[in-house]
Amino acid sequence: MPAQIRRPPLQPNTDRRPTIQGFPFEWTLLAWAGLVGISTGLAIVAFHDLLDFLNNFLFGSFVEGLLEISRSPVAVAAAAQGPAAAVALAAPPANDAATPLQALLQLGLGGIGFLSGTPPAAAPAPLPSPGPAAPDWLTLWPVVVVPTLGGLAVGVLRRFFGPLGPGVPSLMAMAEGAEAPAPVPPLLRLLTAALSLGSGASLGPEGPSVESGGNVGLWWARLGRLSPQSQQTLVAAGVAAGLAAGFKAPIAGVFFAFEGNANTNASRPNLMAVLVAAVASALVTQLMLGDEPILRLPAYEVRSPLELPLYLGLGVLASLLSLALIKLMAAGRNGRVQRLLERLPAGLATALGGAAVGGMALAFPQVLGVGYDTIEALLGSDQGIPLVTLVALLGVKLLATSVSTASGFVGGGFAPALFLGATLGSVYGQLLGEGGLGLPVAEAPAYAMVGMAAVLAGSVRAPLTALLLLFELTRDIRIVLPLMAAAGLSAALVDRWQSVKPTTLLGADRNEELRRERLAAVAVIEALEPEAPQRH
């Protein structure tokens, strides 16, 4: 009796498989992608509204309440000396920036007085009070209190309400079937991120935005019972939608879904689905938050094409700074460090991290929060900023970002990379120009913009994403050649030094790190041969 031939089961064509409604499967996938984009856009809009509310409350009404409490004993003591002294001490200054704390908060979160060289107006000198005067820095204590309390709240939320959900690499592994699917709605992630950034953590909003978009994409894909290939596509679509909504940059979002670490699987997601999600998300954001660019630039120009080699030098320096940022953030997320911090009581590690960031802000308030105002000031400054101040700011920002990441604050590294790049470019431009060698080169803001693209490109190893993101953030295309040269060189050098080591500025993904540790422990012979050969 001839042996029966077993035929392999037929695999459905996921690209053109008909659906119950009679539409080709591709059109159904585009509809799902549009739903992912709209959902992600609405989530990011709510996230930004909550972030603005928390920032204004914590560094507004809450700080004013703390100051009122701290001033009460002084006002009472002054009242005992006479009504004139009481009025002089109790009356608020006429200028909002008169007190050191108000000036500090304006510098770090919304003002550019220090960077533009215009110091805040001085308060009228109060009448001397009896007893020894307290040091000036004691009046700045709310700057330390706010990040500390914010860190305590973030740590408690993370400890008692469970994990924030998988990161982008884990989401791709779940879509491929390498891990058990566990997508979650990004409510806790966005809440803790808003509280982290609103209280002054030195991170950016793009990490939570991108990871939330990926979770939304996989959540809808699992709800619709789509195929693994379609699940991977919707995760990439959610990543693109998250970056598009977070930065108002749909083109950069699409490229990041294909070029960055977001696409870790071998197969490529459906381009049309990723485009639909990015456009839908950006449209929702523009309708609800406005269409204004995040950064506004003054008029400047590159004086000569012969400056291009100088921009290559900036690309080399940017690659070194990118590598330092990658190493420091990775060190903070190291498994041994995290296990040590998890032994502390709930919220204590994040509170200590917030206190450390607040302490740094006493001297460098620009490290607080996202830092877009400081970046815009560096891009628009038409007069020299002290080089020593900028160099010190580079080191403090690196330290504040690594402490924020290690201690458990929620946020991404794109905004710190842009901050560091703008500062490095401003230093480099001043050294070449009137503040150093005196060469006839462009103004420092031109080098600051190129530095932003170069550091971001090196940090995420995605030069096209960095270029397009800078164009969409600033809507300025006047120095395209220096941008391309410096960003490409920075990404190439970091890629050379990092080799196959993953680099991500989105945030910690402990599940993916554990999976890679397990894979690294597998012997080569076990990886090549699934079953050991049997001896006869």
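Trainee: At what angle do helix H9 and helix H18 pack?
Mentor: This is a predicted model. Helix H9 covers residues 250-259 and helix H18 covers residues 463-474, and their axes lie 8 Å apart. The packing angle of H9 and H18 is about 170 degrees.

Trainee: Which term describes the orientation of H9 relative to H18?
Mentor: The angle between H9 and H18 is about 170 degrees. Angles over 145 degrees count as roughly antiparallel. H9 is therefore, relative to H18, roughly antiparallel.

Trainee: Which residues meet in this contact, and how many of them are nonpolar, polar and charged?
Mentor: H9 contributes Pro250, Ile251, Ala252, Phe255, Phe256 and Glu259. H18 contributes Pro463, Leu464, Thr465, Leu468, Leu469 and Glu472. By class, the contact of H9 with H18 has nine nonpolar, one polar and two charged residues.

Trainee: How many residues of H18 are buried, and which are they?
Mentor: Nine of the twelve residues of H18 are buried, so H18 is largely enclosed by the rest of the structure. The buried residues of H18 are Thr465, Ala466, Leu467, Leu469, Leu470, Phe471, Glu472, Leu473 and Thr474.

Trainee: Against which helices do the buried residues of H18 pack?
Mentor: The buried set in H18 includes Leu467 and Phe471. The partners of the buried residues are H8, H9, helix H16 (414-432), H17 and helix H19 (480-498).

Trainee: How far does H18 reach from its first C-alpha to its last?
Mentor: H18 has twelve residues, for which 16 Å is expected at 1.5 Å a residue.

Trainee: Which residue follows H18, and what is its phi?
Mentor: Most residues other than glycine have a negative phi. The residue after H18 is arginine 475, and its phi is positive, near 55 degrees.

Trainee: Is leucine 467 buried or exposed, and which residues does it touch?
Mentor: Leucine 467 has its place in helix H18. Its relative accessible area is 10%, and residues under 20% count as buried, so leucine 467 is buried. Leaving aside residues up to four places away in sequence, leucine 467 touches Leu483, Met484 and Ala487.

Trainee: What separates the C-alpha atoms of alanine 282 and lysine 248?
Mentor: Alanine 282 lies in helix H10 (residues 271-289), while lysine 248 is found in the loop between H8 and H9. Along the chain the two residues are 34 apart. Their C-alpha atoms are separated by 5.9 Å.

Trainee: Is alanine 282 buried or exposed, and which residues does it touch?
Mentor: Alanine 282 has a relative accessible area of 4%, so it is buried. Not counting residues up to four places away in sequence, alanine 282 touches Ala244 and Pro250.

Trainee: Which term describes the orientation of helix H14 relative to helix H17?
Mentor: The axes of H14 (residues 372-380) and H17 (residues 444-460) come within 7 Å and cross at roughly 135 degrees. H14 and H17 are therefore to each other oblique.

Trainee: How many nonpolar, polar and charged residues are in the contact of H14 with H17?
Mentor: H14 supplies Ile375, Leu378 and Leu379, and H17 supplies Pro445, Ala448, Met449 and Met452. By class, the contact of H14 with H17 has seven nonpolar, no polar and no charged residues.

Trainee: What span should helix H15 have, and how far apart are its end C-alpha atoms?
Mentor: Helix H15 (residues 387-407) has 21 residues, which at 1.5 Å a residue should span 30 Å. The distance between its end C-alpha atoms agrees, at 30 Å.

Trainee: How many helices and strands does the chain have, and what share of its residues is buried?
Mentor: The secondary structure comes to 21 helices and zero strands. Of the 536 residues in the chain, the buried share is 50%.

Methods: Residues are numbered from 1 along each chain as its sequence is written. This is a predicted model: local features need pLDDT of at least 70, side-chain atom pairs count only at pLDDT 80 or more; totals for chains, interfaces and linings use all residues. Side-chain values use heavy atoms; hydrogens and water are left out. Axes are lines fitted to C-alpha atoms, for helices over the stretch in contact, and angles run from 0 to 180 degrees between N-to-C directions. Helices (H or I, at least four residues) and strands (E, at least two) are DSSP runs, numbered from the N terminus. Angles under 35 degrees count as roughly parallel, over 145 as roughly antiparallel, 65 to 115 as roughly perpendicular and the rest as oblique. Contact means heavy atoms within 4.5 Å. Ala, Val, Leu, Ile, Met, Phe, Trp, Tyr, Cys and Pro count as nonpolar, Asp, Glu, Lys and Arg as charged, and the others, Gly among them, as polar. Buried means under 20% relative accessible area, exposed over 50%, partly exposed in between (1.4 Å probe, protein chains only). The expected span of a helix is 1.5 Å times one less than its number of residues.
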